[in-house]
Amino acid sequence: MSRVIAIFNQKGGVGKTTTAMNMSGYFAILGKKTLLIDFDPQYNTTIGLGVIHEPSETIYHALLAGQQIDRVIKRTYLARLDVAPASQDLAGALIELIEVDDRELVLKKFIDTVRDQYDFIVIDLGPSVNLLTVNGLMAADEVVIPVQCEYYSLEGIQQLLDTVNLIKENLGHPLKISGALLTMYDKRERLSRDIAREIRKRFPYKVYDVEIPRSVALAESPRFQKPIMLYAPQSPGAVAYEELAKEIIRGDENQKEYVIPPKRDVFETISSHPYVEKSYEYEYGTYVPAVHVKKEEVKKEITNEEVPTDTKAPLVLMIHEEGNFKDFFDSLSPENK
Ligand SMILES: Nc1ncnc2c1ncn2[C@@H]1O[C@H](COP(=O)(O)OP(=O)(O)O)[C@@H](O)[C@H]1O
Ligand SMILES: [Mg+2]
């Protein structure tokens, strides 16, 4: 049974494309027939792997311009690794898709026609949440979330989990969060270590054991249009991506169970959170994002309004995440704050 994995984080520059290319490359090396779909209008995967194609042979053309599927799927230098390239035309799909029936399922329908030919299908998504991202997530069985080991990464996590939950609840797709991947990890930097430790402790799903180190070779290899194993196979980044591929192939025996905390605890944690300063109304309750404005508003929100009894889990999940970051911020030394 093949697995379709979307690489998702709405933040740019966190290592999605680097992960998509190199993880897919190691799947292939480890004997798994793999299709990597570039689903980002910035088409960095296509450039980084040096995929040669006619202008009309991209994923966009297969989905929306009637191009034959086998014209769009390209072999690479690696045995068992195929790529469906993208170009800037994919940006146009955003508008065209609006007119299409089942517009969230266009990529899924494409994948369904080739799925039985592959062990893994990896989708590299762009840095946004739009109809393309929704197509990517609806087509996937699972998501891998690269998280850069830097301060601002934490802010995006709740939004990301929220998007996955919307896909699950509103669109009824049983998408699994396979795990978070710590990227650009620098073990010599205290902040990098602190963030890695905190994400390991707090992220409500699996965090892969392997950490992807910050590595010049990983940043350089796209310039030579090669995945890391063809450019610097002995480099620490290569070793780490091989480990990741093995971890993902092995599957999820160690999947952590996520337990929804009692609401009272959750709200007490928020109200004492020094970094929660503003609350927003959200469609299924009160949504408290990370930073900004004043703490008093949150207190008012909590005392004046009962939490609706029909509140769904995502609300709790997001706030739970917020509350937990208090410990994280507290654990940072003053000069890091
Ligand atoms: N582990 C790493 N070490 C060093 N540079 C990296 C690493 N991972 C990614 N990069 C570089 O960081 C930039 C952003 O990475 P990329 O994979 O393109 O992120 P995204 O697809 O999330 O936007 C790229 O220039 C890439 O080469
Ligand atoms: Mg990218």
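What follows goes from the whole chain to the sheet, then to the ligand and a few single residues.

## The big picture

First things first: this is a predicted model. The protein chain has 337 residues, and buried residues make up 44% of them. Its secondary structure comes to 15 helices and 10 strands.

Take the contacts between residues at least 6 apart in sequence: 75% of them join residues at least 24 apart.

Look for an open sheet of eight strands, in the order 3-4-2-5-1-6-7-8, with mixed pairing. Strand 3 (74-75) and strand 8 (207-213) stand at the edges, and each has a single partner strand, so one side of each has no neighbour in the sheet.

How many residues of strand 2 (residues 34-39) are buried? Six of the six are, so the strand is largely enclosed by the rest of the structure. In a regular strand, side chains alternate between the two faces of the sheet. Here Thr34, Leu36 and Asp38 point one way, while Leu35, Ile37 and Phe39 point the other way, and all of them are buried.

Strand 2 has a parallel partner in strand 4 (residues 81-84), with four bridges between them. Within that pair, Leu36 stands opposite Val83. Strand 2 also runs parallel to strand 5 (residues 120-125), and six bridges join these two. There, Leu35 has Ile121 as its bridge partner.

Now move along to strand 6 (residues 142-148), which is mostly covered, with six of its seven residues buried. Strand 6 runs parallel to strand 1 (residues 3-7), and three bridges join them.

Two places show the pairing: Val144 has Gly179 as its bridge partner, and Pro146 stands opposite Leu181. To get from strand to strand, follow helix 8 (residues 153-170): strand 6, this helix and strand 7 make a right-handed β-α-β unit.

Helix 9 (residues 190-202) lies across strand 6, strand 7 and strand 8, and runs at about 170 degrees to strand 7.

Helix 7 (residues 131-139) is another one to pick out. Eight of its nine residues are buried, so the helix is largely enclosed by the rest of the structure. The buried residues are Leu132, Thr133, Val134, Asn135, Gly136, Leu137, Met138 and Ala139.

## Around the ligand

What surrounds ligand 1? There are 17 residues around it, and the closest are Gly15, Lys16, Thr17, Thr18 and Ala219. By type, the shell divides into six nonpolar, nine polar and two charged residues.

Which elements supply at least two residues each to this shell? They are helix 1 (16-29), strand 7 (176-185) and helix 10 (216-220). Helix 1 gives the largest share, three residues.

Most residues other than glycine have a negative phi. Met184 is not a glycine, yet it has a positive phi of about 50 degrees. You'll find Met184 in strand 7. Is Met184 buried or exposed? Met184 is buried, because 23 other C-beta atoms lie within 10 Å, and 20 or more is enough to count as buried.

Gln225 is another residue other than glycine with a positive phi, near 55 degrees. Its place is in the loop between helix 10 and helix 11 (228-231). With 17 other C-beta atoms within 10 Å, Gln225 is partly exposed.

## A stop at Lys187

Finally, find Lys187 in the loop between strand 7 and helix 9. Lys187 counts as exposed, because it has 12 C-beta neighbours inside 10 Å, and 12 or fewer is the cut-off for that label.

What does Lys187 touch, leaving aside its neighbours within four places in sequence? Lys187 is in contact with Ser192 and Arg193. Glu211 is 24 residues from Lys187 in sequence, and in space the two are 9.7 Å apart, C-alpha to C-alpha.

Conventions
Residues numbered from 1 in each chain as written. Chains lettered and ligands numbered in written order. Predicted model: local features only at pLDDT ≥ 70, side-chain atom pairs only at ≥ 80, totals over all residues. Near = placed C-beta within 6 Å. Nonpolar A, V, L, I, M, F, W, Y, C, P; charged D, E, K, R; others polar. Pairing = 2+ DSSP bridges. Right-handed = clockwise from strand over helix to strand, strands pointing away. Contact = placed C-beta atoms within 7 Å. Axes fitted to C-alpha atoms, helices over the stretch in contact; angles between N-to-C directions.
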